[in-house]
Amino acid sequence: MNQTHSYDIAVVGMAGRFPRAQNPDELWERIRDGENCISFFTEEQLRSQGVKDSHLRNPSYVAAAPVLQDIESFDASFFGLTPREAEITDPQQRLFFECCWEALENAGYDPHNYGEPIGVFAGSRTNTYLPAILSHPGMAESIGMFHRPRQ
């Protein structure tokens, strides 16, 4: 018996966060209109954020970055997280939660009432959040990541 399998997929919803664009439609508008979505900073702005003068004098230093808007607006309770859990959760993961939900909304699917499997496909840049958190004295202990053996 010859059995065939269908591996068809359909992209029915999209979400994303981009510099100066909160969703794919806004990103397309910016691209269509030829807008530059990179933010450029003055030396004063950079110094206020802790950038050292030695970096500013370096001819290879670029005073620009792709800045995401409203990243501090995460609704932890909506996703079942305590404020403390949200605080230590990688900002990329918080945005991922939001985008997954928005993609489902954009597609018109309620994951609680849909009887078939739903997949969410995503991409992001390299994660540097955990090493940054662990570099703060006592942080790993305070969040219960490492337990000291009892003596």
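Which pattern does the protein follow, read along the sequence? The order is α-β-α-α-β-α-α-α-α, that is, seven helices and two strands. Helices here are DSSP runs of H or I with at least four residues, strands are runs of E with at least two, and both are numbered from the N terminus.

The model is predicted: local features need pLDDT of at least 70, side-chain atom pairs count only at pLDDT 80 or more, and totals for chains, interfaces and linings use all residues. Residues are numbered from 1 along each chain as its sequence is written, and side-chain values use heavy atoms, with hydrogens and water left out.

**Whole chain**

Start with everything selected. Of the 151 residues, 18% count as buried; buried means under 20% relative accessible area, exposed means over 50%, and partly exposed lies in between (1.4 Å probe, protein chains only). The accessible surface comes to about 12,200 Å², and 53% of this belongs to carbon and sulfur atoms. Areas come from the Shrake-Rupley method with a 1.4 Å probe, and for residues only the protein chains shown count as cover. Among contacts (heavy atoms within 4.5 Å) between residues at least 6 apart in sequence, 50% join residues at least 24 apart.

**Helix 1 and the segment before it**

Select Arg20, in the segment before helix 1. Its phi is positive, about 60°, although Arg20 is not a glycine. Most residues other than glycine have a negative phi. Arg20 is partly exposed, at 33% relative accessibility.

Move on to Asn23, which caps the N-terminal end of helix 1 (residues 24-32). A side-chain oxygen of Asn23 lies 3.1 Å from the backbone nitrogen of Asp25. This falls under polar contacts: N or O atoms within 3.5 Å, where within protein one must be able to donate a hydrogen and the other to accept it, and residues adjacent in sequence count only if both atoms are side-chain atoms. Just after helix 1, Gly34 has a positive phi of about 70°.

Next, select Asp70, in the loop between strand 2 (64-65) and helix 4 (83-88). Asp70 is another non-glycine residue with a positive phi, about 55°. Its relative accessible area is 45%, so Asp70 counts as partly exposed.

**Helix 5**

Now select residues 91-107, which form helix 5. Helix 5 has 17 residues and reaches 24 Å from its first C-alpha to its last, close to the 24 Å expected at 1.5 Å a residue; the expected span is 1.5 Å times one less than the number of residues. At its start, a side-chain oxygen of Asp90 comes within 2.7 Å of the backbone nitrogen of Gln92. After helix 5 comes Gly108, with a positive phi near 80°.

The buried residues in helix 5 include Arg94, Leu95, Cys99 and Cys100. Is Glu98 buried or exposed? Glu98 is buried, with a relative accessible area of 13%. Beyond its neighbours within four places in sequence, Glu98 is in contact with Arg17, Ser73, Phe74, Asp75 and Phe79.

Finish with Ile118, in the loop between helix 5 and helix 6 (129-134). Ile118 is partly exposed, with a relative accessible area of 36%. Together with Phe96, Tyr114 and Val120, Ile118 makes a nonpolar surface patch of about 320 Å².

In the loop between helix 5 and helix 6, also select Ala122. Ala122 is exposed, at 58% relative accessible area. The C-alpha atoms of Ala122 and Phe96 are separated by 7.9 Å, with the two residues 26 apart along the chain.

Technical notes:
Patch = residues over 30% accessible without salt bridge, like charges linked within 9 Å, V, L, I, M, F, W, Y side chains within 5 Å. Salt bridge = Lys/Arg side-chain N within 4 Å of Asp/Glu carboxyl O.
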